[in-house]
Amino acid sequence: AYRYKSWNGSFGRSDIHTAYGAFVDKRINWKAPKTNYEYRFRTGLAKYQAEELSTETLGNLWRASIFNTLDISHTIYKVKSNPLRVKELSPYSIAPIEPGLLWKTNLNSSFFHYEDGSSQSSLGISLGPQLTLGNFQRPFLDFTKISIMPGYTIKGGESPFRFDSVVDLQRLSFQLTQQVLGPLVLSGIYDINIDQSSGQYGKTLNSNLA
């Protein structure tokens, strides 16, 4: 990577001047009768020249990393519909849509060790409902997906870099996807810091409309 722009919550944008290394990334999916699971494991070693956390100078350190995440989607309620209609593809969607209510959970952990002997670890959980209405069968306003997920993180140690420092230990995430007309869809994400002990309390962490 060269002059890569990174975004890190309430820290905002941080520049990685140069980076090189190698990573191993593995994903595994499996299903139960009402629950879908997706596990991801990522580990690697890379050298970064990037903004330091506490100064405006560039640090230049090797970093070894391990990252795990598990996404769980549990069906609470599924709208009953004609089985043939569920399998039928809409002219506005590339996959069948099954309206209903899900409970989504994300578990994640990370460990970073740096060349200067410092390290940082984290363990986090986010969970909340996701409601899907409509199935793209009509040409307008026939698909809505809403999710609300509070998240909590426990952190140990500190990163010497700004781009990967774990911040915003408590956050609330809103996501909305809405069909407007035919295949035209608007999708919005809004994340806010809800950690009252943080100096960034109430600050917008991510706001995007596409």
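## Rings and charges

Ring pairs link Tyr48, Tyr114, Phe161 and Phe163 into a cluster, where rings of Phe, Tyr and Trp (its six-membered ring) pair if their centres lie within 6.5 Å, and planes under 30 degrees apart count as stacked, over 60 as edge-to-face and the rest as tilted. This is a predicted model, in which local features need pLDDT of at least 70 and side-chain atom pairs count only at pLDDT 80 or more, while totals for chains, interfaces and linings use all residues. Residues are numbered from 1 along each chain as its sequence is written, and side-chain values use heavy atoms, with hydrogens and water left out.

By the ring rule there are eight aromatic pairs. One of them joins Phe161 and Phe163 in a tilted arrangement, with 5.6 Å from centre to centre and 40° between the planes. Both Phe161 and Phe163 are buried, that is, under 20% relative accessible area with a 1.4 Å probe, protein chains only.

Two arginines have a charged end over a ring, which requires CZ of Arg to be within 6 Å of the ring centre and within 35 degrees of the ring normal.

| Charged end | Ring | Distance from ring centre |
|---|---|---|
| Arg42 | Phe23 | 4.1 Å |
| Arg162 | Phe11 | 4.6 Å |

## The chain as a whole

Of its 210 residues, 31% count as buried, and the C-alpha trace spans about 60 × 35 × 35 Å along its principal axes.

Conventions: Buried < 20%, exposed > 50% of the residue type's maximum accessible area, 1.4 Å probe, protein only.
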